[in-house]
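User: Hi! I have a structure open here and would like to talk it through with you. Can we start with the overall picture and then go into some details?

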Amino acid sequence: MTRRFDAIVIGAGQAGPPMAARIAATGKTVALIERKLIGGTCVNTGCTPTKAMVASAYAAHLARRAPDFGVTAGTVGVDFAAVMARKNTIVANSRSHLEAWLRGLSNCTVIQGQARFLSPATLRVGDDVLEAERLFVNVGCRAEAPDFPGRDQVKTLNNTTLLELDALPQRLVIVGGSYIGLEFAQIFRRFGSAVTVVEKMPRLIAREDHDVSQAIREALEAEGIKVRLDSECISFAPRGAEIAVGVNCAAGEPEELGSHVLLAVGRRPNTDDLGLDAAGVKVDARGYILVDDGLKTSVPHIWALGDCNGRGAFTHTSYNDYEIVAANLLDGAQRKVSDRIPVYALYVDPPLGRVGLTEAEARAKGHSVRIGVRPMTRVGRAVEKGETRGFIKVVVDRDTDAILGAAILGVGGDEAVHGVIEAMAAGVTATAYTRVMAIHPTVSELVPTVFGELSP
Ligand SMILES: Cc1cc2nc3c(=O)[nH]c(=O)nc-3n(C[C@H](O)[C@H](O)[C@H](O)COP(=O)(O)OP(=O)(O)OC[C@H]3O[C@@H](n4cnc5c(N)ncnc54)[C@H](O)[C@@H]3O)c2cc1C
């Protein structure tokens, strides 16, 4: 029998639940289909568990540094089981609050199961066929697992399975020196694992400016994390109870040994088992759903939101997708994805808060730029906190005085960057930013100063 709804939402990630709730609040009937865990990646295997573990790792790090602050502390130990239990509680609470809210919504039916399109308006979930006039796809991504030579002969971990470990890895080799890999590297190093990061590019997080990636590398190496760059020949082989990770063909030690290996080499969209062909929804070569500036797919009554549309890879981009679609559909707005300014953070310690263009991107786009930089050693709050790694960096258009971007790598950088985010969103110029009166002592108070000390 076919079950009819006004709208169907596939995937209870970061965009699906608010989309379902918003439509249900208008009196329309909505089915929200989730094949695994309500909350999707962020709540269950992404942001929430990792940031809970970042907090434990920071506590261990600060405890070891207690004498720097004149504090006497005993030997610092990490109880891995307790760390994971804390993380699990935070995740379970977050998921169950979300689930209780969704199940309590009028007009919204939560359905557990794998959805697959049968036609542009119908889906199969288990034995049921569901039909709706409007459909919203929020199926997210999963960890990429490339066919490196020997990968089938060893057991590798991804972000999901690493978060399920019940014992601390002795030696963790992380393949992938980008955002996810680096957060895990520092977390596990601070818990006591020996950690090696293997990256095929000549530097870590190669999308960032050179000075940013170099400073992050130095911070990680200072904590004893080994970094192997230019690793063009990644391969795996069992070596006794351990795994040998082939690293370099030409220079340096040819391999690294690990008790555990994490693959953090990218994500791929969950679109291959969704029956998109039957719906007529087009995808690109990598499986990302093609959308227009309002997130409509090639089928006018189907929208794609979140990571699966390739227009963002963050919780806030997924949620913002919901805001754009809901505003256009229900409020008569004309919002566009291309209007938003890229923002994100990397939660290593010190954290990196980012907005807009990097210096290299700005120059590549043809801007004539002025740069402002101030090391954290000259930020009073950072000095007082004893956390002086990193710097504030801003990028300004020489001709228009427009703020093009910023990187705040340093204590509180993930929060302090919001001043620049909001200024850019409001079209505040660099000169206007210099006139802001900020609270003392904060990291943020020096951002106007940096805008006032731009390179000529
Ligand atoms: C380790 C890690 C750390 C991260 N940290 C951060 C961070 O600090 N900040 C940040 O902004 N982002 C972070 N991210 C990224 C963030 O988690 C994702 O960008 C975000 O979760 C994307 O949300 P989404 O709504 O697109 O999809 P998801 O949250 O992935 O949800 C998609 C849902 O769809 C379901 N689904 C898939 N296919 C089907 C189907 N056919 N039928 C039914 N259901 C289906 C899935 O089970 C899933 O629940 C992190 C990611 C990882 C892996």
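User: Among contacts between residues at least 6 apart in sequence, what share joins residues at least 24 apart?
Analyst: That share is 63% for this chain. Do keep in mind that this is a predicted model.

User: Got it. How many helices and strands are there?
Analyst: The chain has 14 helices and 21 strands. Its radius of gyration is 24 Å, close to the 23 Å that the globule rule gives for 456 residues, so the chain is as compact as a globular protein of that length.

User: What does the C-alpha trace span along its principal axes?
Analyst: About 70 × 65 × 45 Å.

User: And what percentage of the residues count as buried?
Analyst: Of the 456 residues, 50% count as buried. The accessible surface comes to about 20,400 Å², and 52% of that belongs to carbon and sulfur atoms.

User: How many positive and negative side chains does the chain have?
Analyst: There are 50 positive and 52 negative ones, and the centres of the two sets lie 1 Å apart.

User: Let's zoom in on helix α1. Why is it largely enclosed by the rest of the structure?
Analyst: Helix α1 covers residues 16-25, and eight of its ten residues are buried, so the rest of the structure largely encloses it.

User: Which residues of α1 are the buried ones?
Analyst: They are G16, P17, P18, M19, A20, A21, I23 and A24.

User: What do they pack against?
Analyst: On the strand side, the buried residues of α1 pack against β1 (2-10), β2 (30-34), β3 (108-112) and β6 (128-137). Their helix partners are α4 (80-103) and α9 (315-330).

User: Which residue with a positive phi follows α1?
Analyst: That is G27, with phi near 95°.

User: New topic: aromatics. How many aromatic pairs turn up in the whole structure?
Analyst: A search finds ten. One of them is F80 with F191: the ring centres are 6.2 Å apart and the planes sit at 70°, so this pair is edge-to-face. The pair links distant parts of the chain, with F80 in helix α4 and F191 in helix α6 (residues 179-191), 111 residues apart.

User: Is F80 buried or exposed?
Analyst: F80 counts as buried, at 7% relative accessibility. F191 is buried too, with a relative accessible area of 4%.

User: What is T45 in contact with, leaving aside neighbours within four places in sequence?
Analyst: T45 touches G40, N159, T160 and L163.

User: Now K336. Where does that one lie?
Analyst: K336 is in the loop between α9 and β17 (343-346). This lysine is partly exposed, with a relative accessible area of 39%. Leaving aside neighbours within four places in sequence, K336 has contacts with D293 and I324.

User: How far apart are the C-alpha atoms of K336 and A241?
Analyst: They are separated by 53 Å, and the two residues are 95 apart along the chain.

User: Switching to backbone geometry: what kind of peptide bond joins D349 and P350?
Analyst: A cis one, with omega about 5°. P350 sits in the loop between β17 and β18 (352-356). A cis peptide bond also joins H440 and P441, where omega is about -5°. P441 is in the loop between α13 (430-434) and α14 (446-451).

User: What is phi of D230?
Analyst: Phi of D230 is near 55°, a positive value in a residue other than glycine. D230 lies in the loop between β10 (226-228) and β11 (235-239), and at 45% relative accessibility D230 counts as partly exposed.

User: And how about D401, is its phi positive or negative?
Analyst: Positive, about 70°, although D401 is not a glycine. You can find D401 in the loop between β20 (391-397) and β21 (403-409).

Definitions and conventions:
Residues numbered from 1 in each chain as written. Predicted model: local features only at pLDDT ≥ 70, side-chain atom pairs only at ≥ 80, totals over all residues. Heavy atoms only, no water. Helix = DSSP H or I, 4+ residues; strand = E, 2+ residues; numbered from the N terminus. Rg over C-alpha atoms; globule rule 2.2 N^0.38 Å. Buried < 20%, exposed > 50% of the residue type's maximum accessible area, 1.4 Å probe, protein only. Contact = heavy atoms within 4.5 Å. Areas by Shrake-Rupley, 256 points an atom, 1.4 Å probe, with all protein chains shown as cover. Lys, Arg positive; Asp, Glu negative; His and termini not counted. Charge placed at Lys NZ, Arg CZ, Asp CG, Glu CD. Phe/Tyr/Trp six-rings, centres within 6.5 Å; stacked < 30°, edge-to-face > 60°.
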